[in-house]
Amino acid sequence: MRRVNIEKRNRRTGIVDCAGRVIIPKRFREECGFEDGTKVEFSMLDGNLVIRKASLTCAICGSLEELIEIEDKAVCKECLKKIKNI
Ligand SMILES: [Zn+2]
């Protein structure tokens, strides 16, 4: 029965509005460190939506678009073009 209690404690419901917005419950925002302005990324895992802090951004301009990973960093295509022209 303990397992059921843990599942209930970790569940909250929300309603998606017509623009696709949903309020992340405060408890989860706090636990995940989501503050006002936190960049997040969305992904699908086994048919479930996963929201996490955006981990990869361009090391130069901070962009989240068209990233190319180099080692454990990332650079966007635009900055990569600029680097190539140096
Ligand atoms: Zn960039």
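**Exercise 1.** Work out how the chain of this predicted model is divided into domains, and how far apart the C-alpha centres of domain 1 and domain 2 lie.

*Solution.* Begin with the bounds: domain 1 covers residues 1-55, and domain 2 covers residues 56-86.

**Exercise 2.** Describe the overall dimensions of the chain and set its radius of gyration beside that of a compact globule of 86 residues.

*Solution.* First, along the principal axes, the C-alpha trace extends over about 60 × 30 × 25 Å. Next, the radius of gyration of the chain is 18 Å, whereas a compact globule of 86 residues would have one near 12 Å.

**Exercise 3.** List the helices and strands of the chain in order from the N terminus.

*Solution.* The chain holds 3 helices and 4 strands, and, read from the N terminus on, their order is α-α-β-β-β-β-α.

**Exercise 4.** Locate alanine 54, and decide whether alanine 54 counts as buried or exposed.

*Solution.* Alanine 54 sits in the loop that runs between strand E2 (48-53) and strand E3 (67-70). Counting C-beta neighbours inside 10 Å gives 12 for alanine 54, and because a residue with 12 or fewer is exposed, alanine 54 counts as exposed. Leaving aside residues up to four places away in sequence, alanine 54 touches Lys39, Val40, Glu41 and Leu64. One of these, lysine 39, is 15 residues away in sequence, with a C-alpha to C-alpha distance of 5.5 Å from alanine 54.

Definitions and conventions
Residues are numbered from 1 along each chain as its sequence is written. This is a predicted model: local features need pLDDT of at least 70, side-chain atom pairs count only at pLDDT 80 or more; totals for chains, interfaces and linings use all residues. Helices (H or I, at least four residues) and strands (E, at least two) are DSSP runs, numbered from the N terminus. A residue is buried if 20 or more other C-beta atoms lie within 10 Å of its own, exposed if 12 or fewer, and partly exposed in between; C-beta atoms are placed from the backbone. Two residues are in contact if their C-beta atoms, placed from the backbone, lie within 7 Å. Domain bounds come from an automatic or database domain assignment. The radius of gyration is taken over C-alpha atoms; the globule rule is 2.2 Å times the number of residues to the power 0.38.
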